[in-house]
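I opened the model to look at how one end of the chain is placed, and then at the chain as a whole. My entries follow in the order in which I made them.

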Amino acid sequence: MTEALAPDLRRLLARFAALGQPRRYDDSGFRLASTLEPPATAHEIAATVPEHAPDELRELWSLTRGARLFEDVDYGQWGMVILSPAASARRTAHERIARPDELRPHDVVIAEFLGDSDLLIASVDGSGGWQLRVAEPLLPREDWPVLQGSLAGVLWRFLASGGEKYW
């Protein structure tokens, strides 16, 4: 794990974990909660995560196998689900078959959003670096929102927005 990123990811996950039991975050009346799974094992990550996946994603999974962030606990119509390494591999394979013109060979599905079919995808950008995109089901790839910053930065902004899709 890269030492520079690990403390930021640990602090971020601790903030989500501190949200605790379901509570109302706004006037909508929805009760939202965030739950984190224990860390994925090194074997689990090595066995299911593609070699080309971003290091930050490996680091995240070494801290939590998966998470449900700002989940609507009553109706299941809101929240982000960070997929486990195995679930990410399955979902990525499924999306490559279902959307062959949209997903690229190095794309990795990281998370899904409850209540709709949006996906958070890590993809290689034109310079060989990584970028995060929100794959919206009715839009072509070129219209998918590109999120600025690192995975930790995107999750920090999601936390600060109270679970709103800020993009």
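I began with Glu164, which I found in the segment after helix 5; helices (H or I, at least four residues) and strands (E, at least two) are DSSP runs, numbered from the N terminus. This is a predicted model, in which local features need pLDDT of at least 70 and side-chain atom pairs count only at pLDDT 80 or more, while totals for chains, interfaces and linings use all residues. Residues are numbered from 1 along each chain as its sequence is written, and side-chain values use heavy atoms, with hydrogens and water left out.

I then looked up Trp78, which is 86 residues from Glu164 along the chain, and read a C-alpha separation of 9.1 Å between the two.

Helix 5 itself covers residues 151–160 and is mostly covered, with 7 of its 10 residues buried. I listed the buried ones as Leu151, Ala152, Gly153, Val154, Leu155, Phe158 and Leu159. As a reminder to myself, an α-helix has 3.6 residues a turn, so residues three or four places apart point the same way.

The C-alpha trace spans about 40 × 40 × 25 Å along its principal axes, and buried residues make up 43% of the 167. Taking contact as heavy atoms within 4.5 Å, I found that 51% of the contacts between residues at least 6 apart in sequence join residues at least 24 apart.

Last, I checked pLDDT, the predictor's confidence in each residue from 0 to 100: its mean over the chain is 90, and 93% of the residues reach 70 or more. Confidence is lowest in strand 1 (residues 23–24), at a mean of 68, and highest in strand 4 (residues 80–82), at 98. Where pLDDT is low, the predicted coordinates should not be read in detail.

Technical notes:
Buried means under 20% relative accessible area, exposed over 50%, partly exposed in between (1.4 Å probe, protein chains only).
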